[in-house]
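The exercises below ask you to read a structure step by step, each with a worked solution. Look at the chains first, and then try each task before you read on.

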Amino acid sequence: MKIAVCIKQVPMASDVKTDPVTKQLIREGIESVMNPFDYYALESAIRIREENGAEVIALSMGPPKAEAVLREAVAMGADRAILLSDRRFAGSDTWATSYILKQALLKIGVVDLVICGKQALDGDTAQIAPGIAAQLNCVQATGVGEISLSGSGLVVKRLKDRGYDRLRLSLPAVLAVNKGVNVPRVPRLKGYLKAAEAQMTVWNADDIGADYSLIGLNGSPTRVVSTEMVQLRRRDTKIFTGTAGDAGRYLMSVLSLKGVL
Amino acid sequence: MIEIPMPKHSCEKLSFRLERFAERFRKTVDAGFCACLTDNAMGSLTFQGHEVMRELSLSAPGGQVMIHLNTFHSRSEFMEILDTCAEMNVRTLLVISGDGSARLPKLRPSDIGMNNCETVTSVELLRFIRHAYGDTFQLGAAFNQYEPPEHEREKLARKLDAGIDFVITQPVIGSHPEVDRLRDTLKIPLYVEAWMSPKIQLLSDCIGYQISDCDDFDPLKTLNCLHENYPDSPKYLALVNFSTQFDVLKER
């Protein structure tokens, strides 16, 4: 069984800034991290491998520096990683990105399961998993909170606003997992040492046989017309530990010390 | 005691960062100081002291290593840290509640057999370690003189009740009345923490209260001041600059 996990490198949430003219995210000089939802996707794949045997392939589209999140994926337990990097990919919207990922999946060969995080922290669209499923013309489930293999397919619990659906899916399938699906492991030093030495496969548009008219801005049917900056109020956060009584007393003391009470 | 920050989780320049850590560790231990290894300080993911020591074959001669241990671990990792520390002759632990992050699991009361509490704090960890490991470890706890005194004193009383062997303050600039009170009343060793970074604002950010607004904070002068004000208290040095300060400290 082959499982591909789609991973995105995103700017650290606290550092996000937008160019006031181009309305695009400023990525230079900003610390980048793995999209937090993708840890859950990766953990789901690794657990399936541990229980049933599989190959887990981490896949990411991005600039060369996105290699860092793929190495982190290997440190966590992915068997190998593929970076899709090409200037011609720049400006791709979610539909063009789904097409690029689909092309890479076809090049990998028979992929039984594609797992994505629920959404990316920067774009927040939650469209990539459905986009890949549409591009591959295979079944999908979003909002997945539980996964188990069953016979030749999968049974997933799809969370809804009220309650959940339990779905039986045939393979190949595409899943978008929620945060509650598992508790992702934290990689250890040995994992990072292995990942630092891991060979990184890099594919460009030609490697995956991409049609140039379907990638980048040309291949993107959507446009960002305008964006608006929301001014956030500055907040100090303090987490009180201990029992509810202790935390309450502590909160009163802190508020008093700060002159609020 | 000299605190050595652990290398952060990343493959970037990993060998270089590990080598630099090993060099600082050896320098510290060879100079007769105790090397103190942090545990995901400020919630930033870093490698654990025990795994780096094991990987780099760094030893802990004569109790010269102290490992910080907080509540943000899975049970299996927590037990592995304790067992490995015992095996590697790391016998001093600073047990703290710690700073969490979305990526870190948190120990549950049931993980350490405590079903009569709602959450695991440093007090529960201390009780568990003392119960499960007896006198294997010298256990220390933190005292934050910047927190509301009544609350902090009550917390310290619970830590003392859990069987701690020493206390480490938060960084002291000059002196602090709560630390003075502790020095005069505490029956176990009190380590006074010295802030060795010239960036004093960082300390305010760390503890959540404004400490001092001076622009020309001199850590070495402040350390001298601490030696004068607390001559009998050993010092715990945080954020030592190994390029510019270590040799000066060693000379002393």
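**Exercise 1. Find the place of Val183(A) in chain A, and decide whether this residue is buried or exposed.**

Solution. Val183(A) lies in the loop between β10 (173-177) and α5 (189-197) of chain A, where helices (H or I, at least four residues) and strands (E, at least two) are DSSP runs numbered from the N terminus. This is a predicted model, in which local features need pLDDT of at least 70 and side-chain atom pairs count only at pLDDT 80 or more, while totals for chains, interfaces and linings use all residues. Residues are numbered from 1 along each chain as its sequence is written, chains are lettered from A and ligands numbered from 1 in the order in which they are written, and side-chain values use heavy atoms, with hydrogens and water left out.

The next step is accessibility: buried means under 20% relative accessible area, exposed over 50%, and partly exposed in between (1.4 Å probe, protein chains only). Val183(A) has 55% relative accessibility and therefore counts as exposed.

Finally, leaving aside neighbours within four places in sequence, Val183(A) is in contact (heavy atoms within 4.5 Å) with Glu43(A) and Arg47(A). Val183(A) and Ser44(A), which are 139 residues apart in sequence, are 9.2 Å apart in space, C-alpha to C-alpha.

**Exercise 2. Work out where the buried residues of helix α7 of chain B lie around its axis, and what they pack against.**

Solution. Helix α7 covers residues 200-207 of chain B, and its buried residues are Ile200(B), Leu203(B), Ser204(B) and Ile207(B). Seen down the axis of α7(B), these residues fall within an arc of 100° (taken from the directions from the helix axis to the C-beta atoms), so they line one face of the helix. In general, an α-helix has 3.6 residues a turn, so residues three or four places apart point the same way. The buried residues of α7(B) pack against β6 (166-171) and β7 (190-195) of chain B. Just after α7(B), Gly208(B) takes a positive phi of about 85°.

**Exercise 3. State which residues of α3(B) and α4(B) meet, and sort them by class.**

Solution. From α3(B) come Phe78(B), Met79(B), Leu82(B) and Asp83(B), and they meet Leu125(B), Phe128(B), Ile129(B) and Tyr133(B) of α4(B). By class, this contact has seven nonpolar, no polar and one charged residues, where Ala, Val, Leu, Ile, Met, Phe, Trp, Tyr, Cys and Pro count as nonpolar, Asp, Glu, Lys and Arg as charged, and the others, Gly among them, as polar.
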